[in-house]
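Take a look at the picture, then follow along.

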Amino acid sequence: MVLVIDDDLVFKALADETRRFLLDRLFEKDGRTLTDLASELEMTRFGVMKHLRILENANLVVTRRSGRTKLHFLNPVPIRQIHDRWINKYQEHHVSALLDLKHQLEKEKP
Amino acid sequence: MTVNSAPQATTQVYRVYIKATPQAVWDAITRPEWTERYGYGGRGEYDLRPGGQYRGYTSDAMKQAGAAQGIPVPDLAIEGEIIEADAPRKLVQTWHMLMDPGTAGEKFTRLTYEIEAMPGGVTRLTLTHELDGAPNAAGILAGQWESQGAGGGWSWVLSDLKSLLETGQGLRG
């Protein structure tokens, strides 16, 4: 059981075509059973289950019980955290680089 | 199967692990001095007993952003009623967004916060929002309107909450 989800787990979980495919299917229609998801893949139920478990350990999928069925939900929070932690940072860097350039150019004006 | 799958598709589930106590997470959700510091930044007022009211107010920033676009923004953004308040473990409430005419006409939805202490001083927060009959609110909460200035929805709010509780600073610094 992983307690604090680190970025490594999320990146590793995303570094697989089948798992990205599963996340895309859940994005289209959330709250699905293993059987339902397995029907979209040319793969054994066991294989799909293994991929779902990796996604769940990375906190990208959260399961909930509804009566006797287990439903899989896409959890976008870890992707959001990567966005906020990494992508925003570099976007801001670009913005500040442009601002520096602007200041520099304005200073050079006669 | 088809009967079951229709309403489930309208439920959104979010989970975040936070290095903080369950009480700190509970306070951040239910106390106005905390709700002003992350996410949409509006003041949240809870009367934490079954039947008590929840009121989520619009922040000054939201009002200014609305005014700049010529859209009137009401004082009350969200209204709701407490169904269950078991501090610091579980909060169940109804939730109805008044911010936009497109959401004001929609049904009251059901929102559940589950807060669990995990080993190592980590708290697991799971948010389940049952959004039957509220497709416009569902779109906003899924972050679909972020580039139009509607904020990033629940994943944005929870990511900011985690940042605030772990570092003392939200994502806006």
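Domain bounds come from an automatic or database domain assignment. Keep in mind that this is a predicted model. With that said, chain A splits into domain 1, residues 1-75, and domain 2, residues 76-110. How do the two domains of chain A meet? Eight residues of domain 1 are in contact with four residues of domain 2. On the domain 1 side, five of the touching residues are nonpolar, two are polar and one is charged. A contact here is defined by C-beta atoms, placed from the backbone, that lie within 7 Å.

Now turn to the place where the chains meet. Chain A brings 18 residues into contact with 20 residues of chain B. Which elements of chain A give two or more residues to this side? They are strand S1 (61-66), strand S2 (69-74) and helix H5 (77-108) of chain A. H5(A) gives the largest share, four residues. By class, the side of chain A that touches chain B holds eight nonpolar, five polar and five charged residues.

Next, look inside chain B. An open sheet of seven strands is found there. Which strands sit at the edges? S1 and S2 of chain B do, and each pairs on one side only. Neighbouring strands are turned by 20° against each other on average, direction ignored.

S2(B) runs antiparallel to strand S3 (residues 53-57) of chain B, and three bridges join the two. B:Tyr46 stands opposite B:Tyr54 in S3(B).

Helix H7(B) lies across S1 and S7 of chain B. H7(B) runs at about 15° to S1(B).

Stay with H2(B), which spans residues 22-30. Which of its residues are buried? They are B:Val25, B:Trp26, B:Ala28 and B:Thr30. A residue counts as buried if 20 or more other C-beta atoms lie within 10 Å of its own. What covers these buried residues? The cover includes strands S1 (11-18), S2 (44-46), S6 (109-118) and S7 (122-130) of chain B. Helices H3 (32-35) and H7 (153-167) of chain B are also included.

Terms used: Residues numbered from 1 in each chain as written. Chains lettered and ligands numbered in written order. Predicted model: local features only at pLDDT ≥ 70, side-chain atom pairs only at ≥ 80, totals over all residues. Nonpolar A, V, L, I, M, F, W, Y, C, P; charged D, E, K, R; others polar. Buried ≥ 20, exposed ≤ 12 C-beta atoms within 10 Å, placed from the backbone. Pairing = 2+ DSSP bridges. Axes fitted to C-alpha atoms, helices over the stretch in contact; angles between N-to-C directions.
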